[in-house]
Amino acid sequence: MRLITSESELAHILKQGGVIAYPTEAVWGLGCDPYNEKAVRRILELKSRPEYKGLILVAGEEKELAPWLSLLDDDAKQRLISKSDTPTSWVVPDTEITPSWVRGEHESVAIRLSQHASVQRLCKAFQGVIVSTSANPAGLPPAMSIDEINIYFGDNIDAIFDASLGKASQPSQVRDIVTDTLFRA
């Protein structure tokens, strides 16, 4: 498996329909271009994850969230762009921006504005949001190292972002942007 430190090279792989593993705030994630149906389906297959469950998107900076921010009132906008010690993915109403193969059966999508520098640089190089789902097959714990990525996926992914995990103790919580209901702690 190719270890890559260049965000621009990783972004090129994503734009070509590739799937990468990358470090997030707490665990390793799998990522791809959310608008590339083939790439998203590849992640779902790698994880043995049913499409109906949907996937999370991650952004590195506020401007990448512009399409979804335009759907929200001022309070919800503030929640989506707020910084917190706890990584938070917000469930945002959406039936028009995010493809159904990312949303699953939902009329919404979960989106996180990452404070992790590696994720921010990757999204900036890609110039948009990317899929952010834990790097593990269904039923197994999320990968915490490059060795675990290799055990889980071997040569079935295109590259691994050679950077460090963030300092969070657990994956992002998931909350409703409108009601602030907690779906996943």
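Modeller: The structure holds eight salt bridges, a salt bridge being a side-chain nitrogen of Lys or Arg within 4 Å of a carboxyl oxygen of Asp or Glu. This is a predicted model, in which local features need pLDDT of at least 70 and side-chain atom pairs count only at pLDDT 80 or more, while totals for chains, interfaces and linings use all residues. Residues are numbered from 1 along each chain as its sequence is written, and side-chain values use heavy atoms, with hydrogens and water left out.

One of the salt bridges joins the side chains of Arg41 and Glu51, at 2.4 Å from N to O. Helices (H or I, at least four residues) and strands (E, at least two) are DSSP runs, numbered from the N terminus. Side chains of opposite charge can pair when their charged atoms come close.

Elsewhere, the axes of helix H1 (residues 7-15) and helix H6 (residues 117-126) come within 8 Å and cross at roughly 55°. Axes are lines fitted to C-alpha atoms, for helices over the stretch in contact, and angles run from 0 to 180 degrees between N-to-C directions. Contact means heavy atoms within 4.5 Å. Residues in this contact include Leu10 and Leu14 of H1 and Leu122 and Phe126 of H6.
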